Amino acid sequence: MQMLMAYSFFFIKFFSPGQELGFKDFTPPYLAPTTTGSVVLQGVNYASGAGGILNHTGKLFGGRINMDAQIDNFENSRQDIISSTGAPAALTLLRKAIFFVAMGSNDFINNYLTPVISAAEQKLIPPEVFVGTMISRFRLQLTRFYNLGARKIVVSSVGPIGCIPFERDANPAAGDNCVSLANQLAQLFNAELKSLITDLSTNLKESKFLYADSYSILEDILQNYISYGEHAHVFWDPYHPSEATNLLAARRLLDGDTNDITPMNIRQLARL
C-alpha cells in the first residue's frame, strides 16, 4: 500500500503569509536542534506528517505527532519563553502572536477513508458521528490554546480532499471527477467547524478566531486554474498542493474578503 503522508499544521506566525508580511525565513520546526533560546521568540512550527485531531489518526505511521501532542510541545515552548523573559512579557508576546491551525484532513485520509482498513469503521460509524467526535475534540484543543495564552487563532477548513490525486487514483469510478464522498465529509466537517469558531469567538473573552475557507479557495483554483496564469501543477505529490497553489491561497488568506476568511483577513488580524 502507498504511504499516506498528508501533513497537519500548527504553528505560531505563518507559512507563506509570513513571508508576505515581511518575515525573512520560514518558521523553524519545533524538533530542530537549533530551535532554542531566542529563536523560539520568532515563532515555531509544530507540523507533523500524518497527525490528526484524533489521537489514533495515522497510527499506521507510528511516529506522527497528533494535535494533542503538538499542543504539549507548544506548552513546552511557552514555558521556555516564560523562563527566558518572565511571565508578563511572555503572556504579552503570546497575546500578540498569530497561531495558524490546519487540522482535520488526515482524520479523513489517514483514518476514516483509509483504503481497506477503514471499511469496517465506515459501516459502524456514520459520517455525522465521526465528524461530531472530531469537532468535540477540536473544541477542547482550541480552548486549550486559549487557556495557554493564545488570542489570535486562524483555523483553516479542510480542503476538497476528494480532488487530491491519491483519492482520485484510489477511486477510479469517479473518472475525471473529484471523489464525492471525501468532499462531502470535508464539507460536513467544515460546516461544523465554522459554527465552532463562531461559538469560541463569542464565549472566550478577548479571543480572535478566524475561519479560513481553504475548501472554497482550493476549489476555485482547481476550477479556474487557467485564470491564475501559468503554473504547471495544482498538486506536487498525491496529497499536497504545489508551491504555486500555496502561494495563491496564502495571498487570499492574507488580504482576501470574507468569502475567503472571516470575520477579517490575516493582515487585519496582525494590526490588532
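Tutor: Helices here are DSSP runs of H or I with at least four residues, numbered from the N terminus, and they are assigned on a predicted model.

Student: In which helix does Asn111 lie, and is Asn111 buried or exposed?

Tutor: Asn111 belongs to helix 4, which spans residues 105-112. Buried means under 20% relative accessible area. Because the relative accessibility of Asn111 is 6%, this residue counts as buried.

Student: Which side chains make polar contacts with the side chain of Asn111?

Tutor: Leaving aside neighbours within four places in sequence, the residues in contact with Asn111 include Leu54, Glu121 and Phe130. Polar contacts between side chains join Asn111 to two residues in that list, at 3.2 Å for His56 and at 2.9 Å for Thr57.

Student: How many residues apart are Glu75 and Arg144, whose side chains meet in a salt bridge?

Tutor: The salt bridge between Glu75 and Arg144 has an N to O distance of 2.9 Å. Glu75 sits in helix 2 (residues 67-85) and Arg144 in helix 6 (residues 127-147), so that the pair links distant parts of the chain, 69 residues apart.

Student: Is Arg252, which pairs with Asp220, buried, partly exposed or exposed?

Tutor: The side chains of Arg252 and Asp220 meet in a salt bridge of 2.8 Å, N to O. Because Arg252 lies in helix 10 and Asp220 in helix 9, the pair ties together parts that are 32 residues apart in sequence. With a relative accessible area of 21%, Arg252 is partly exposed.

Student: How many salt bridges does a search of the whole structure find?

Tutor: One of them is formed by Asp199 and Arg139, with the closest N and O atoms 2.6 Å apart. Over the whole structure, the search finds seven.

Terms used. Residues are numbered from 1 along each chain as its sequence is written. This is a predicted model: local features need pLDDT of at least 70, side-chain atom pairs count only at pLDDT 80 or more; totals for chains, interfaces and linings use all residues. Side-chain values use heavy atoms; hydrogens and water are left out. Helices (H or I, at least four residues) and strands (E, at least two) are DSSP runs, numbered from the N terminus. Buried means under 20% relative accessible area, exposed over 50%, partly exposed in between (1.4 Å probe, protein chains only). A polar contact is a pair of N or O atoms within 3.5 Å; within protein, one must be able to donate a hydrogen and the other to accept it, and residues adjacent in sequence count only if both atoms are side-chain atoms. Contact means heavy atoms within 4.5 Å. A salt bridge is a side-chain nitrogen of Lys or Arg within 4 Å of a carboxyl oxygen of Asp or Glu.
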